[in-house]
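Here is my note for a first reading of this model. Please keep the sequence and the structure open beside it.

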Amino acid sequence: MRKWLLLACSILLVLPAVTKAVNQDSLWMRENYTKKEVYITMRDGVKLFTSIYLPKDKSTKHPILMTRTPYSCAPYGADNYRAWYKNHYINYLKEGYIMVTQDVRGTYMSEGKFVNVRPFNPKKGKKDIDEASDTYDTIDWLVKNLDGNNGNVGVFGISYPGFYSTMAALSNHPALKAVSPQAPVTDWFLGDDFHHNGAFFISDAFSFYTVFDHPHPKPTTESPAGISYYTHDNYKYYLETGPLSNFAKIVGDSVPFWQEMYAHPTYDSWWQARNVRNFVYNVKPAMLIVGGVFDAEDCFGAWNTYKAIEEKSPATNNRIVMGPWYHGQWASNDGTHLGNVRFGSNTSAYYASNIEIPFFNYYLKGKGNPPAIAEATIFFTGENKWKELPKWPPADMTPTPVYLQENGKLSFNKPTTANGFAEYTSDPAKPVPYTSDVHFNRTINYMTDDQRFAARRPDVAVFESEELTEDITLAGPVVADLLASTSTTDADFIVKVIDVFPNDFRYEEDAPSEHRRVPSSTYPMGGYQMLVRGEVMRGKFRNSFEKPEAFVPNQPTQVKFTMPDVAHTFRKGHRIMVQVQSTWFPLVDRNPQQFLDIYKATEKDFIKANIRIYNASNILLPVSRSDVR
């Protein structure tokens, strides 16, 4: 998926009904703001291109709010204004913020060499640089050279700019008072974007790096052109292109990071240096971590950046907000639904007006009382309610096993027989698709998609509970604890936790959608199998991400892994379902199902595997009885 394009759509999309208002806001911005473009010199002499939007109001001092991005701070030119007036960002203009964007080192109009997820250097010399030092040098220039600033700086950004926000928090500049990493890129091997538990997310990675990080000999305002695809059926394209070695030939040598990923197939020191969680000690600014429970790219990053700061920097004023959102949806106009699943209110509007804007207003402007932002402000789907919690996961959360039993049963009671199993054949030539329709770009809706199409396949093991007699709320990480065997030496294990709606379920009324939700009058919601959480474990990493291990064919083996946190209530009358499968395509690359370096595999290496999931398997559900509102 072209991630920068999704971000642009998420942030800049405006509904037709407000077009006139947006035009008025655009005119207001030009009447009340001026734009300047400058090059700011870093400590090693490299100059970074920076766009600055300054209030014309000289009657008061103004705070600075900055985003550092590899996606360009376009539009370029002093007379070309960025659409800061769209969505909730107009509130920052009305509050008189100095808005700043910067092309990070080596991208677009900035000088220097770009390095993907450049590692933090905790032992920098006077001329050594990293993204934290570039942030420090930029802030230092801004507060010393911008007339009318009040000396307070905030940093925020979504996705890759979320990574730069986390790095900003490590800069230790005294003027930096508040930082909000939003869906922050955090660990590209264990959970974000391009790998989950060592499994390569091929469609996201390939579509991204065909339009990103291509070399340019001098600063430019142009983006890479990308490649031509012979079909817009992504299942067909990725299957026919074949093993990862063929994708490497298409990318070629123009994107060094692609070659580096292939050269580091395990969680070695190269990857660990790019895990920012290792360095979040003594964080000084107030932190607001934001993410989407249904974010297909960086759900892991939001949850785990928050947890890492809690662990390594306990004195930090650190808060987390997780809504029922796709990637960046909190910055859009509409947080009412995702795909066919509705949330009962505009959750994005609630977040902007009650959390983000008061957060920056207090810490950068001294406006109002300390914002009443809970330690964890989490939206629970199913019951569709925000909950303000003093701790995440909640103190009363209890990991509770639900057992995968014979005949497709799922129960909180232990099975009476230990030798039973479910069995399927995993065929890499006919992988299980991750969604039912035909499309090109990876969808944003699959995180809540109906899973009935998968339940009907013979290569998916399905386990379903009885109808629930009371609500069951999940609040925290899900742990899959499988006892499994494969007839080969490797396999993937995809576990999906699903909410099965009653057969007579329907929403009361339909609502317009800007992201292709099918009205319930057309799509049958009765019996809907809503994906609540799905995750993959590359089997060879089951005991260590640093030292993979082959399976002994047909020998029952524990495969235990932690899935990203959930916040969902299964209502009375619903059912809980668990699906287990070994392909999820083309979301995840195909495992040849042999113990080898998958990046070097050829087509002849891919073989079928007979998979067994034994009765001793269970899913540890984070059951909470908390009734905090």
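**Notes on the predicted model**

1. Start with strand β9 (residues 286–292), which is mostly covered: 7 of its 7 residues are buried. Buried means under 20% relative accessible area, with exposed over 50% and partly exposed in between (1.4 Å probe, protein chains only). Strands (E, at least two residues) and helices (H or I, at least four) are DSSP runs, numbered from the N terminus. Both faces of β9 are covered. On one side A286, L288, V290 and G292 are buried, and on the other M287, I289 and G291. In a regular strand the side chains alternate between the two faces of the sheet.

2. A word on the basis. This is a predicted model, in which local features need pLDDT of at least 70 and side-chain atom pairs count only at pLDDT 80 or more, while totals for chains, interfaces and linings use all residues. Residues are numbered from 1 along each chain as its sequence is written, and side-chain values use heavy atoms, with hydrogens and water left out.

3. How confident is the predictor? The mean pLDDT of the protein is 93, and 93% of its residues reach 70 or more. pLDDT is the predictor's confidence in each residue, from 0 to 100. Two stretches need care. Over residues 1–18 pLDDT stays under 50, and the model has 52 contacts there beyond four places in sequence. A contact means heavy atoms within 4.5 Å. Residues 514–518 also stay under 50, with 22 such contacts. Where pLDDT is low, the predicted coordinates should not be read in detail.

4. Which strands pair with β9? Strand β6 (residues 176–182) pairs with β9 in the parallel sense over 3 bridges. Two strands pair if DSSP finds at least two bridges between them. V179 stands opposite M287 in β9. Strand β10 (residues 318–323) also pairs with β9 in the parallel sense, over 6 bridges. Here V290 has V321 of β10 as its bridge partner. From β9 the chain crosses through helix α11 (residues 299–312) to β10, a right-handed β-α-β crossover. Right-handed means that, with the strands pointing away from the viewer, the path from the first strand over the helix to the second runs clockwise.

5. Now the whole sheet. It is open, has 10 strands and mixed pairing, and runs in the order β1-β2-β4-β3-β5-β6-β9-β10-β13-β14. β1 (33–41) and β14 (385–389) stand at the edges with a single partner strand each, so one side of each lacks a neighbour in the sheet. The twist averages 20 degrees from one strand to the next. Angles run from 0 to 180 degrees between N-to-C directions, and axes are lines fitted to C-alpha atoms, for helices over the stretch in contact.

6. Further along this sheet, strand β3 (residues 62–69) and strand β5 (residues 149–158) pair in the parallel sense over 4 bridges. H62 has N149 in β5 as its bridge partner. Helix α4 (residues 131–145) lies across β1, β2 (47–55), β3, β4 (98–103), β5 and β6. It runs at about 150 degrees to β3.

7. Another open sheet has 4 strands, in the order β18-β23-β20-β21, with antiparallel pairing. Its edge strands are β18 (460–464) and β21 (529–538), each pairing on one side only. Strand β20 (residues 492–500) pairs with β23 over 7 bridges. V495 stands opposite V580 in β23.

8. Look at Q593, in the loop between β23 (575–581) and β24 (609–614). Is Q593 buried or exposed? At 0% relative accessibility, Q593 counts as buried. A polar atom of its side chain lies 2.7 Å from the backbone oxygen of I607. Q593 has a positive phi of about 70 degrees although it is not a glycine. P586 sits in the loop between β23 and β24 too, and the peptide bond from F585 to P586 is cis, with omega near -5 degrees. Most residues other than glycine have a negative phi, and most peptide bonds are trans.

9. Last, D213, in the loop between α6 (202–209) and α7 (234–241). At 19% relative accessibility, D213 counts as buried. Its side chain makes a polar contact (N or O atoms within 3.5 Å, one able to donate a hydrogen and the other to accept it; residues adjacent in sequence count only if both atoms are side-chain atoms) with the side chain of N116, at 2.8 Å.
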